[in-house]
Amino acid sequence: MRIAVLGGSFNPIQIAHLALADEVLKTFSYDKIIFVPAGIPPHKEIMDSIPPEKRFRMVQLAVEDNEDFAVEDYEIRHSGVSYTYDTIEYLERKYSDVLEGKIALVMGSDLFPHFHLWHRAKELSEKCDLILAGRPKDFNQQDEHTNRAVGDYAKEGESNPLENPLFRNALKLDNVLMNVSSTQIRTRIAQGRSFRYLVPKKVFEYINSEKLYMKTDWSKVIERIDAHAKKVLSRKRYEHSVRVAETSRYMCGLYALDPEKGYVAGIAHDICKEMDDSLMISLAKKDGMEISDAEREKVSLLHGRAAAVFIQEKFDVFDGDIIESISNHTLGKENLCDLGKIVYCADKIEPGRPQSTEEYRKNLFSKSLNEMTAIVVRENMEYLEKKGKKIAPQSKLFLESL
């Protein structure tokens, strides 16, 4: 069996993805095209992210009527950053009994200029048959390389990414450039505009039934979470949560993020802080990550992870940045999203904290987001060390990544 792989965030999968897969199948006579939805990609942020299981389900629905298409959940199941080299190795093992020749990897033209930066790029180019396809320019995307067919490079003396020796033996696909993108579709859904014929019928029905990408009335969400927090938290903890929410909202305004999302993450960040340990553990386990020795020793460290699951289950909040921010507000993590940096800092510098004077905050807010966050992380580490407490490994990685 000759196999080609088409990876991507598929957020959501749409007709151009399927058309490209079909062109690869017919042009190069492959027997199977395997779609691989990304878990945590190393070089791209998944915008307006929904739970990865739902992206996977949309791909399932999109390909289930075509026996030449399949979907693989390896990267969705895999914890941590997903590297294409590892995925290809996995597929080679999985299909070893039937695989003929090398697995082919389909790449869009937006990836050409940066391919040499990929994990084990040279080895990957030798392990796979690379298929280079053109792709249209996404709405609001400024990358000059994206609105091109494969042959449209090196005009007027500009550098040609296809001269990269890694592409020496690549196959070039003269595919139709369809002016439709996942970014465009998400925007249309959020605006309440038509997208019916931009995605497969079953995907359209699934998006509507799950209310994916639809603009959220955050004021109603905030009202519900606030009422619950007031009911389950002590007065001191609730008032701290309100201050964190207000600080997060203010900081989001300073750093060009959605202030209402900042408030949601802030008001919810400690909502499980005073929960029974057994229930906290039960909730935290649902995020699919291992519970560390430090978390077993001090169960309260799980309150952020538990809260991230809790607001999904009780309040239908699935925004990826909000979930990541709440889950990691205590210790941080490597390459935390920008909203996560803000919530982490707001928790440490809200006006109720002893050191957090107006002048102190004004000085912090004059700096870039990463610089400000690094200062707050260092100060928190110094405070913990003075108290004789251990610094969590993920906090050290968080600081290094800043």
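Me: A charge sits over a ring if NZ of Lys or CZ of Arg is within 6 Å of the ring centre and within 35 degrees of the ring normal. Which residue lies over the face of Tyr344?
Reply: This is a predicted model, where local features need pLDDT of at least 70, side-chain atom pairs count only at pLDDT 80 or more, and totals for chains, interfaces and linings use all residues. Residues are numbered from 1 along each chain as its sequence is written, and side-chain values use heavy atoms, with hydrogens and water left out. At 3.8 Å from the ring centre of Tyr344, the residue over its face is Lys348.

Me: How many aromatic pairs are there?
Reply: Rings of Phe, Tyr and Trp (its six-membered ring) pair if their centres lie within 6.5 Å; planes under 30 degrees apart count as stacked, over 60 as edge-to-face and the rest as tilted. By this rule the count is 10.

Me: What type of aromatic pair do Phe112 and Phe167 form?
Reply: The centres are 5.7 Å apart.

Me: Are Phe112 and Phe167 buried or exposed?
Reply: Buried means under 20% relative accessible area, exposed over 50%, partly exposed in between (1.4 Å probe, protein chains only). Both Phe112 and Phe167 are buried.

Me: What type of pair do Phe310 and Phe315 form?
Reply: Phe310 has a relative accessible area of 13% and is buried. Phe315, at 5%, is buried too. Their ring centres lie 6.0 Å apart with the planes at 75°, so the pair is edge-to-face.
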